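Here is a briefing on a protein model. It covers helix surroundings, confidence, nonpolar cores and aromatic pairs.

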Amino acid sequence: MTDLVTSPAPLPTSRLTDFWRVFRRNKMGLVGLFMLITIVFVAVFAHVIAPYDPSATHDVASSDIYNPPSAAHWIGTDDAGQDVFTNFIFGARVSLIVGFFAAFISVFIGGVLGIVAGFFGGRVENILMRFTDIMLVIPDLPLMVVIVALTKKPSLLNIIFVIGLLGWTTTARIVRSQTLAVKSRKFVLRARAIGAGNRHIIRHHILPLVMPILVVNAVLVVSLAILNESTLAFLGLGDPTAISWGQMLNYAFGRGAMSTGAWWALVTPGVGIVWVVLGLTLFGHGLEQVLNPRLETHHLMRPRPIVKHEATGKPLRHATRQRVPSEAPILIEVDNLSISYLTENKPPARAVENVSFTLREGELMGLVGESGCGKTTLMLGLLRLLPAAGQIVDGEVWFGDTELTALTDDEMEAVRWKGISIVFQGAMNALNPVRTVGDQIAEAIVKHNPLMKGKALEARVSELLDLVGISPEHKKHFPHQYSGGMRQRAMIAMALACNPKVVIADEPTTALDVMIQAQVLELLDSLRKKLGLSIIFVTHDLGVVAEMCDSVLVMYGGVTAEYSDVDTIYNTARHPYTQELLKAFPDLSQPDKRLASIPGYPPRLDDLPAGCRFAPRCPLAFERCHIEQPEIHQLSERHFASCHLVEKRV
């Protein structure tokens with residue numbers, strides 16, 4: 001049964017229509033837009049609106065200078081006897097041209113530098129940001145004055161380039177900060193997991209989320225460029241052949257408007273500057289509220305049946321269905337894999353150490369342990385999706401006949417999603433909020449099958465959504481229009497997009513209620529049987545493991561505590577940590593049983609205790625446990641445990 005959409009809405013007709021529907025509710029933004037449209041209209045149709053031709057030459061008598069407003073000259077005349085209203089209209093055209101073109105140059109330079117610095121980091125970021133810091137130290141306006149003054153004949157083109165080339169620093173820092181925040185989001189990691197390269201990620205995932213703040217900042221940069229042009233012109237550094245508001249102020253101040261009381265020559269261009277800057281500010285504020293959507297989050301999880309052991313009659317916590325036979329072909333074989341997080345001038349954090357397991361065709365393996373025990377790091381290591389500090393320092397990962405740790409990045413991209421895919425924890429974070437769900441599923445398909453386009457691609461997306469129980473009509477909806485369960489189903493559909501052999505499910509039911517959790521788990525199990533998938537299921541829920549899994553790998557402190565089939569783990573667990581975990585698991589068949597928590601916390605990976613990592617919390621620990629780290633002992637064909645007590649009992 002498919003859970004319902006939390007906020008049903010008709011299919012969007014166009015993004016522009018949706019934008020206007022939201023923007024028109026913002027009164028401040030509408031006022032700013034009206035002010036901008038008004039002044040742009042005046043500038044575009046200046047020849048039609050202006051009562052006089054500003055380029056016309058005629059004799060001017062002393063009586064024509066600084067005439068007050070009249071029927072012939074609505075806002076009076078200036079020191080040259082020209083109509084102030086006409087100059088104001090044509091001045092709007094020049095000021096807007098300088099503002100918009102200079103702002104475009106500034107935003108383009110700042111946007112490119114900010115995205116490159118934030119996305120690539122390291123030495124590239126240091127060089128670009130130190131250069132930006134140097135430019136920020138130098139005041140923009142004095143530097144513009146010096147550069148424009150050095151040009152023999154200041155022209156409008158020179159002024160545009162000077163303002164544009166010196167006004168990018170703030171944009172670069174803002175965009176860099178936004179890029180740093182976006183690139184750490186899980187949907188970027190998901191995009192890299194499907195095989196996307198840097199250019200694709202920047203274009204389809206970084207830029208759409210950086211664009212809103214870039215657009216808002218661009219609006220403000222336009223107003224700053226207009227102010228800078230007006231200042232340069234007021235100081236006598238404007239283009240003498242072009243009428244601008246700054247030039248009007250320069251002439252008015254320099255030619256006695258104040259002393260003669262000709263206030264209209266000063267107020268008119270000043271009002272124009274204030275009008276545009278205020279309009280841009282209001283419009284930018286409105287855009288910011290519309291282009292930064294407040295995405296809703298949903299916390300959407302069913303009791304599991306308890307079965308009894310047929311031989312002993314005692315209640316057990318595993319299902320009675322048929323398990324995967326041990327002779328099934330091996331798909332993944334991990335041999336002594338070790339992963340550390342390396343930080344300069346600090347000891348390495350040994351997140352995973354000497355972990356080994358096999359995953360057979362059609363098998364569902366549960367990976368359990370407390371938070372911080374290395375489960376997610378192990379799974380990211382299999383796909384080579386570790387963060388920059390995470391390094392595979394030892395061991396091998398075999399996928400069929402391919403050793404994954406030896407592959408190049410390009411070779412690894414071909415394995416991800418076609419061979420091994422992943423369902424990330426927290427679907428809301430793993431989905432790009434500004435792209436439709438169908439578009440994001442199609443992205444994974446196109447990345448590995450560029451020839452699939454048009455109707456064939458849409459049909460495949462619809463097929464995948466239908467496979468996970470979502471109506472295909474919802475493919476044009478955005479993630480925030482899905483409920484928590486639907487988002488998780490969409491992530492599963494995305495994981496199946498390229499028909500992988502192995503799916504890693506990293507706590508796929510986190511933040512879901514028990515009913516939706518059960519639906520998602522049933523979906524995973526049914527898809528495994530229907531498609532012949534092998535699944536690695538990362539979870540804290542021992543009940544889910546008992547019900548669904550064929551085998552269990554228990555991790556603690558980055559090492560293997562115990563590894564065996566699910567029946568052995570739940571009935572004859574040998575490692576004290578596994579036993580303590582089972583004691584903390586509620587058993588509905590024993591309502592009088594008291595739950596027992598494990599005292600203390602898992603060890604810090606950069607400050608591991610000597611000897612056994614569980615010894616400080618183990619109720620059975622003895623002296624040797626605090627000195628010597630136990631080896632992994634094989635107790636039977638597929639039963640392994642790392643404990644000195646196991647060694648003594650063998």
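**Briefing**

Helix α11 is followed by glycine 256, whose phi is positive, near 85 degrees. Helices (H or I, at least four residues) and strands (E, at least two) are DSSP runs, numbered from the N terminus. This is a predicted model: local features need pLDDT of at least 70, side-chain atom pairs count only at pLDDT 80 or more, and totals for chains, interfaces and linings use all residues. Residues are numbered from 1 along each chain as its sequence is written, and side-chain values use heavy atoms, with hydrogens and water left out.

**Helix α11**
- α11 spans residues 245-254 and is mostly covered, with 7 of its 10 residues buried.
- Buried means under 20% relative accessible area, exposed over 50%, and partly exposed in between (1.4 Å probe, protein chains only).
- The buried residues of α11 are Trp245, Gly246, Gln247, Met248, Leu249, Asn250 and Ala252.

**Confidence**
- pLDDT is the predictor's confidence in each residue, from 0 to 100.
- The protein chain has a mean pLDDT of 81, and 88% of its residues reach 70 or more.

**Nonpolar cores**
- A nonpolar core is a set of buried Ala, Val, Leu, Ile, Met, Phe, Trp, Tyr and Cys residues joined through side-chain atoms within 4.5 Å.
- The largest has 153 residues, of which Phe357, Leu378 and Trp417 touch the most other members.
- Helix α10 (residues 198-234) gives the most to this core, with 12 residues.
- A second, separate core of 18 residues includes Met135, Ile163, Ala225 and Ala242.

**Aromatic pairs**
- Rings of Phe, Tyr and Trp (its six-membered ring) pair if their centres lie within 6.5 Å; planes under 30 degrees apart count as stacked, over 60 as edge-to-face and the rest as tilted.
- The whole structure holds 10 aromatic pairs.
- Phenylalanine 41 and phenylalanine 45 form a tilted pair, 4.8 Å centre to centre with 45 degrees between the planes.
- Phenylalanine 119 and phenylalanine 120 pair edge-to-face, at 5.1 Å and 85 degrees.
- Phenylalanine 119 counts as buried because its relative accessibility is 9%.
- Tyr556, Tyr577 and Phe614 form one aromatic cluster.
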